[in-house]
Amino acid sequence: MSVVHSRACLAGGTGLLATLAVVPFVSRGGLTFLPTRDGFSFTALVLASQQPVFWLLVTLAVAWVACGFLAQKRSHQAAIWGGAGGCLIVLWLTWAVAVKPYAFGPGAILSFGICLLILGYGLSQTGYIRADTFVAVSILLLAFFVILFILFPLFAILRQSMMGSKGFRLNLPVETLGHYPALWRVMRNSMGLAVFVSCTSTLIGLAFALAAARSQSRFTVILRAFSLLPIITPPFVVGMAIILLFGLQGFVTGQLLGLKTRGIFGFPGLALAQTLSFAPVAFLVIASVVESVNPALEEASLTLRAGRWHTFWKVTFPLLRPGVANAFLLTIIESLADFGNPIILGGEFEVLSTEIFFSIVGRFDQTLSATLGLILLSFSLTAFLLQRYWLGERSYVTVTGKPQSGRPMPLPKGLEIGLLAFCGFWCAFTLVIYLSVMSGGFVEIWGINNTFTLRHYHQLVRDGMGALQTTLILAAISSPLTAAVGILLAYLVVRHRFLGRGALEFTSMLSFAIPGTVIGIGYVMAFNQSPFLLTGTATILVISFIFRNMPVGIRSGIAALAQIDQALEEASVTLRASFAMTIRRVILPLIRPAILSALVFSFVRAVTAISAVVFLVSAKWQLSTKVILDQAENGRYGLATAYSTVLIVIMAAAIALMYVLVGKTTLRGGVEGGGLA
């Protein structure tokens, strides 16, 4: 073995010494750079006089510099052990000095980054990660972010559920639920609603998928447009529309039928609102399976003298089972996680997502909210695991390497007529729902004074533009970061083999299964204290957008990379192109549609987010969806519907732009990848 110098250790040690001496290690009371006569008061060298353990980090930096000058046989071992130890020391020291009002400062972040870079270099050079330093560091950094922003909030909820006034107790969740008499009713309501909505949404989605893919009618173009509605709709718009139509002053109940009833509130209204919201999601999932069925199988059945009905029930429908099962489980997750419709239409029909919210906002009981959050998480996670098991263990392969021949079998005539009639009725009803939302912003008081007015839009321009600008700015900041993180993680998972690859992929996709209210209370409990003091800032909102919407980029990236032959990248490397050049000149141009779809979908989801951010907004950083929710709760439906109409127009424009740039095929990948979670 040759004797070498470790330039990485020399550079890393020098950089770490400079960081510890110059850059503030922690921030205090929101202030980072607080100069004194002797320099910045919060650098690591200054803090070492109060916390002697800081000299461990200084010693590590000096040791790295020495390793860089000394010739060694195993110079990379110093990078591995020093990098791992340095990361742990930085985290430990920041936690040790993080007595309020201290928090992570730029010095701690930069020091951690240097240690992580050196660790990645060592793992790459020794072959523990068979890739260059960039890939190794990316794997480590993404793993750290996933642990910090997905697993750590869940751990904070678990810890809070067992932390009472008398300290930590394992049996505290049981005691907390024992003093919550509505537990079984709330659980029964949540699961009963989720199963009912999942059944109705899956059946409607199946009807639309069959009609859109197999009907010869030109009406199918409208059915395709129907699939865009949940993407561009804020989460509680459908609930408000149902109130405008069927509430106490509703157009149908009040003006047409002369009824004064609150019957739409509770289970009937929630079931209708969620079915309207999630049936298009089921349609998108099932439509991809319908279109992938090999026509040769149906032709073989017809050749053997089976009729169209017999072929449909014995050949076509069994091949659709994975899509139907996927849509069923997906809509269960969506229903359990839904917060916007229950908060508007729930009435006395309590569900877990809203009870978690009221436990904090109404009862100020974080222990109860954490315990209920764990129950909701267990329901959603069970459905998520069943979904992965169903798709992972069963094989319904009909697409092979051979080109498909033949045309898809038309539907039986009676079935086609019935499906088109039902889909036409449902589209017309959906259109009425959306027209009521838009018209609600142009009348004085819906159902009482229907005089035309632009007052609500004038008020929106006068009072609501601040929240709208904040929403668009934060969404614009988070969407490229979301796409970059998702696409990079997809590339690492698809193209590289490393220890913990499966765990990293599963954990990163876990944010799709975690309900938004659980994410929200987890972030409050995890990042409302030192050293991660982020609540009340724009940073926590951007972070929640990134890691909540990350599955969009991951699934889009995986789908795009699966179609690219790895030989193209190997050829680039063989021609001595660097990894960065290979990424820039080969990979990125080929996955451009996936990048654009991830950008647009993450932007749209950030604009429409409510359940996760309802706990994270502040007076300084207010979001449009929270403003709409507040107006709707106070009965100001005119301003709420005007605001919703503006958001729908903005998001429709974003989706139309993506249609122009990349085509309609990427829409399906975005939704299946968690685009609507």
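**Exercise 1. How many residues does helix H3 have, and how far does helix H3 reach from its first C-alpha to its last?**

Some ground rules first. This is a predicted model, where local features need pLDDT of at least 70, side-chain atom pairs count only at pLDDT 80 or more, and totals for chains, interfaces and linings use all residues. Residues are numbered from 1 along each chain as its sequence is written, and side-chain values use heavy atoms, without hydrogens and water.

Solution.
- Step 1: Find the helix. Helices are DSSP runs (H or I, at least four residues), numbered from the N terminus. H3 covers residues 54–69 and has 16 residues.
- Step 2: Take the span. H3 reaches 24 Å from first C-alpha to last, close to the 22 Å expected. The expected span is 1.5 Å times one less than the number of residues.
- Step 3: List the buried residues. Buried means under 20% relative accessible area, exposed over 50%, partly exposed in between (1.4 Å probe, protein chains only). Among the buried residues of H3 are Phe54, Trp64 and Cys67.

**Exercise 2. Find the salt bridges and place each one in the fold.**

Solution.
- Step 1: Apply the rule. A salt bridge is a side-chain nitrogen of Lys or Arg within 4 Å of a carboxyl oxygen of Asp or Glu. Side chains of opposite charge can pair when their charged atoms come close.
- Step 2: Count. The whole structure holds 2 salt bridges.
- Step 3: Take Glu350 and Arg185. Their closest N and O atoms are 3.0 Å apart. Glu350 lies in the loop between H17 and H18 and Arg185 in helix H8 (residues 183–214), so this pair ties together parts 165 residues apart in sequence. Arg185 is partly exposed, at 36% relative accessible area.
- Step 4: Take Lys626 and Asp630. Here the closest N and O atoms are 2.9 Å apart. Both residues lie in helix H28 (residues 624–633), 4 residues apart, about one turn of the helix. Lys626 is buried at 16% relative accessibility, whereas Asp630 is partly exposed at 24%.

**Exercise 3. Trace the aromatic pairs around Phe357.**

Solution.
- Step 1: Apply the rule. Rings of Phe, Tyr and Trp (its six-membered ring) pair if their centres lie within 6.5 Å; planes under 30 degrees apart are stacked, over 60 edge-to-face, the rest tilted. This gives 20 aromatic pairs.
- Step 2: Pair Phe357 with Phe339. The rings sit edge-to-face, 5.3 Å centre to centre, with 70° between the planes. Phe339 is in the loop between helix H16 (321–337) and helix H17 (340–345), and Phe357 is in helix H18 (residues 352–361), 18 residues apart. Both Phe339 and Phe357 are buried.
- Step 3: Pair Phe357 with Phe358. This pair is edge-to-face too, at 5.4 Å and 65°. Phe357 has a relative accessible area of 8%, while Phe358 is partly exposed at 35%.
- Step 4: Look at the helix. H18 is mostly covered, with 8 of its 10 residues buried.

**Exercise 4. Which residues touch the most other members of the largest nonpolar core?**

Solution.
- Step 1: Define the core. It is a set of buried Ala, Val, Leu, Ile, Met, Phe, Trp, Tyr and Cys residues joined through side-chain atoms within 4.5 Å.
- Step 2: Read off the answer. Of 206 residues, Phe25, Ile242, Ile344, Leu372, Tyr523 and Phe527 touch the most other members. H13 gives the most to this core, with 15 residues.
- Step 3: Follow the rings. Tyr523 and Phe527 also belong to a cluster linked by ring pairs, including Phe112, Phe144 and Phe547.

Definitions and conventions
Helix = DSSP H or I, 4+ residues; strand = E, 2+ residues; numbered from the N terminus.
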